[in-house]
Amino acid sequence: MIAFLCLGLLLVTAGIFFRNALRLRLEEAWLCAALWVCVEQLFMVRGFAAFHRLQPASMLWACGLLIAVHLGAALYFQSAKRAAGGLELLRAYFPPWIALAALGTFAAIGLRLYIAWKTPPISWDGLCYHLPIVYRWVSQGDLSLQGWRGFQSFGALGSEMVFAWLALLDGGRLDAAKIGQVAAMPAFFAAGAVLGRRLAGPLWTGACALASITLPVVLVQLGLSYVDIFYGAYCLAALACAAVYDRTGRWIWLLFFTLSFGLALGAKSTAYLQAPLLLPVLWTFWARPELRRSMLRSALPLSILVVAVGGMYYVDNLRLRGNPVYPFIVNIPFYGQLPGVLRPSELLSAMEQWMVPKPIYWLWYPFREVYFGSVAFTLSNGFGPLFAAAWAAFPLALWRGWRLRNRSAAAFLWTFPAVLIAFFLFQPARAPRYIIFLAPIPIAGLAMLLRQVRGWARNLAQAAWAAGTLYACAASIGCMASSMEWKAAVGPLKSSGAVDARAYYRATFSSLGEAWSALDERLKPGDVVAINYGELMFPWAGLPPRAVVWDIPRKDSPYPETYGATSAGEWLGVLDELGVRYLGIWMPKWYADVGVGEEEAIAAYPERFTRLGEWNSGEFGRVALYEMKPSTRTAALPFPLPPGV
Amino acid sequence: MERFSLLLTLFLFWAVILLYFWFHRTLLNGWKELL
């Protein structure tokens, strides 16, 4: 809980500072604070990691110091003449119907977070790499991922750094990191508020802010260790900053546009669809000649800032491996191929068919959101009722923004089709979760249309808005409550107030859960566990995590500086060198060949392995757990172990 | 004309919201598990 207390204090003190020092509107100061704190988190983690000092105590001290600095700076800039009171503004931003929606929203978010907090981490990608990466960083005290066998170590890891920041403030436990996407919600909320205020006025500010954070896909992901909310929040924040920059011409907004653009680049490796976010700023450059000079003068320093905040992953890949998006092979017309290991088409490109049979079906998908044929919200889909209404009204909003000659609104709204085009051209695995930030754009456009209604009609419009918001919350919670993951948690929570991790994983991951429980009974802190298949790696470290886990399949590795072993002897040599004590062999149902080579190697050296158990399930396949007898023979590793492991 | 188009927008807004509720009504069933 200290982690979230620190986060809250950093936000509030930074918000007061920006409001006092820059005389910003309430929601604009909040947006700047939210973005600024994200940047601080990144630099704190990277700074301590550079000295191998990624430790709970140092992070706590640094946060305390930073809060004091924020507070001091805020008091220094405090003026005798007070800005418009926060309470009055809040009353204006949340008229009765919207205030009701706010109550429902915060209740839904509270319930969602409570269940997630009490439940062991469950999300697929979170267990595969987001949390194992954070666990490894926090246990070794730096950001090395040496030997990590997977494309993630070459990607943007800014969101994992925020998870690590939370984990360190949580004393090294991963409970706060497991719901770490909460840290992106202030920026998401504030960006929605800023856009609502600029496009539709104060009466729709709170409405747009709430609409942004009650997208069902956001409510589902909020309790999962994914990174889509981070990416969505930063992209929406970039658009909000661009809109305010166009309207006010204040350079500070160009700076915050740059920061959010850089944060988005570093949050998730999806740079290919971020380019259209530059369009509103380019439009400002073209339409406001008086700003050109300052924009040109700051272009170079701001570009360097983008790289420092989140672009360095791409620069490093280009410098070291000749391809900014390594390991993905890229074909550039008239140039050739950039080197890599994976073709983008090898990604899960069938994902789109989980939701629509053909791309054209996306046109009416928002009115009935299905997943594998049945109506559902998941971590991949769910944009909610307000988006459906906004989707229908979007052409009208575009036309209205254009006719009003409202450049910042028009530029903002045109970003929607521009990003959609980039998404359909460049993204092989198309799921709404990759473009969460797009949903609030038509929603703000709808608010812009509705701002013209007055009197009883406005009440009726705000009532519909509140109904849409509350329904999104109720349907998201309802949908999650009927899932197996929630059923397995809610029952024990109701009866005993706690969820037993072993029982929970046995209920949700059948054979794998059995193996994790059996391993957890034996595991001592610092034991080394090897697995043959890197998916769902995290629980192999124990419940709670306390072991070191290596993904060592018996085959060649396509990645530089990772362990590869083709023969049984070589494979055994690597396991010995790493000091492996337990071995988990998973033969997943969906890949017939995975696990076969390792089982053969185990059969060739029966004296070295003791089988502790074997479990089979129709859903996850066969899982076997072995204990390895220590060997006197050691093999030379292809590269040394990282420090602390 | 302006007034008419505003009222039409408002009507359509409510209509889409209610239709959406109807299409997704099964999602509320999960509350039975929760309560």
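Q: Why is α9(A) largely enclosed by the rest of the structure?

A: A residue is called buried if 20 or more other C-beta atoms lie within 10 Å of its own, exposed if 12 or fewer, and partly exposed in between, with C-beta atoms placed from the backbone. In this predicted model, 15 of the 16 residues of α9(A) are buried, so the helix is largely enclosed by the rest of the structure. Helices (H or I, at least four residues) and strands (E, at least two) are DSSP runs, numbered from the N terminus. Residues are numbered from 1 along each chain as its sequence is written, while chains are lettered from A and ligands numbered from 1 in the order in which they are written. Because the model is predicted, local features need pLDDT of at least 70 and side-chain atom pairs count only at pLDDT 80 or more, whereas totals for chains, interfaces and linings use all residues.

Q: Which residues have the most contacts inside the largest nonpolar core?

A: In soluble globular proteins, nonpolar side chains tend to be buried together. A nonpolar core is here a set of buried Ala, Val, Leu, Ile, Met, Phe, Trp, Tyr and Cys residues joined through C-beta atoms within 7 Å. The largest such core has 229 residues, and A:Leu35 and A:Ala187 are those with the most contacts inside it. Two residues are in contact if their C-beta atoms, placed from the backbone, lie within 7 Å; leaving out residues up to four places away in sequence, A:Leu35 touches A:Ala187, A:Phe256 and A:Leu263, among others.

Q: Is A:Pro630 buried or exposed?

A: A:Pro630, in the segment after β9 (621–628) of chain A, counts as exposed, with 9 C-beta neighbours inside 10 Å.

Q: How many residues does each chain give to the contact, and what confidence does the predictor assign?

A: The contact takes 21 residues from chain B and 29 residues from chain A. On the side of chain B that touches chain A, α1(B) gives the largest share, 12 residues. Taking Ala, Val, Leu, Ile, Met, Phe, Trp, Tyr, Cys and Pro as nonpolar, Asp, Glu, Lys and Arg as charged, and the others, Gly among them, as polar, that side divides into 15 nonpolar, five polar and one charged. For pLDDT, the predictor's confidence in each residue from 0 to 100, chain B averages 90, and 97% of the residues score at least 70. The complex has an ipTM of 0.96 and a pTM of 0.95 from the predictor.
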